[in-house]
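This report is intended for a reader meeting the structure for the first time. Please consult the sequence and the three-dimensional view while reading.

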Amino acid sequence: MVTRTDADLLKTYAGRGVLLDANLLLLLVIGTCDRKLVRTYKRLSIFAEEDFDLLALVVSAFRHLYVTPNIITEVSNLAGALSGDVKRQCFRTLAESIRASEELIVSSRDASNNEMFVEFGVTDAVINICAGEPPLVLTVDFPLAQTLASRGRPVVNFNHLRYTYWQ
């Protein structure tokens, strides 16, 4: 369920920006490219087309979309499993998303020194470092969301939004 805290965080950070995890950025890119791919592309099997609609609505409320090179690399690798014209179109959409976003760069050295690196890996360690400076993190990764929240980082689990919105 969307808690008061989730609603407050969404409202508070709307003027600052949002950082999507790789799964959500992939959903945004592929859904923007072709909404019907959301239900057929294996890397998005946990999502429905309506989840893309909700994500697009939520992201549109934010002043800035933030990305990291690590997240972009994961999305590029996941989208690379597509083929032909669909792949090219999705990479064009990813390129447009990158150009329209603000990139936060954290060195791998700094990420490897972060307490989350050993448990979660480089991408999530970078997310931990970037969270709240200034973006809100939006993720579908429950362990990541719980860990960020326990460390006082601004995070919303997209699954809370999904389940509340579609009920």
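Helix 9 is largely enclosed by the rest of the structure, because 7 of its 9 residues are buried. Buried here means under 20% relative accessible area, exposed means over 50%, and partly exposed lies in between, with a 1.4 Å probe and protein chains only. Helices (H or I, at least four residues) and strands (E, at least two) are DSSP runs, numbered from the N terminus. The buried residues of helix 9 are T123, D124, A125, V126, I127, N128 and C130. Their cover includes strand 1, helix 5, helix 7 (108-112), helix 8 (117-120), strand 4 and helix 10. After helix 9 comes G132, which has a positive phi near 85°.

N128 belongs to this helix, which spans residues 122-130, and has a relative accessible area of 0%. Leaving aside residues up to four places away in sequence, N128 touches N114, E115, M116, L148, R151 and R153; contact means heavy atoms within 4.5 Å. The side chains of N128 and E115 form a polar contact at 3.4 Å. A polar contact is a pair of N or O atoms within 3.5 Å; within protein, one must be able to donate a hydrogen and the other to accept it, and residues adjacent in sequence count only if both atoms are side-chain atoms.

## Basis and confidence of the model

The model is predicted: local features need pLDDT of at least 70, side-chain atom pairs count only at pLDDT 80 or more, and totals for chains, interfaces and linings use all residues. Residues are numbered from 1 along each chain as its sequence is written, and side-chain values use heavy atoms, with hydrogens and water left out.

The protein chain has an average pLDDT of 93, and 96% of the residues score at least 70; pLDDT is the predictor's confidence in each residue, from 0 to 100. Confidence is highest in strand 1, at 98, and lowest in helix 11 (residues 158-165), at a mean of 86.

An open sheet contains 5 strands in the order 3-2-1-4-5, with parallel pairing. Its edge strands, strand 3 (102-103) and strand 5 (155-157), each pair on one side only. Two strands pair if DSSP finds at least two bridges between them. Strand 2 (residues 65-67) pairs with strand 3 in the parallel sense over 2 bridges, and V67 has E103 in strand 3 as its bridge partner.

N157 is located in strand 5 and counts as buried, at 6% relative accessibility. A polar atom of the N157 side chain lies 2.9 Å from the backbone nitrogen of N159. Beyond residues up to four places away in sequence, N157 touches T139, V140, F142 and A145.

The buried residues of helix 5 (residues 69-79) are N70, I71, I72, V75, L78 and A79. They pack against strand 1 (18-20), helix 2 (22-33), strand 2, helix 6 (84-100), strand 3 and helix 9.

The largest nonpolar core has 58 residues, of which L20, L24, L55, L138 and F158 touch the most other members. Helix 2 supplies the largest share of this core, 9 residues. Such a core is a set of buried Ala, Val, Leu, Ile, Met, Phe, Trp, Tyr and Cys residues joined through side-chain atoms within 4.5 Å. Not counting residues up to four places away in sequence, L20 touches L25, L28, L55, V59, L65, Y66, I71 and L138.
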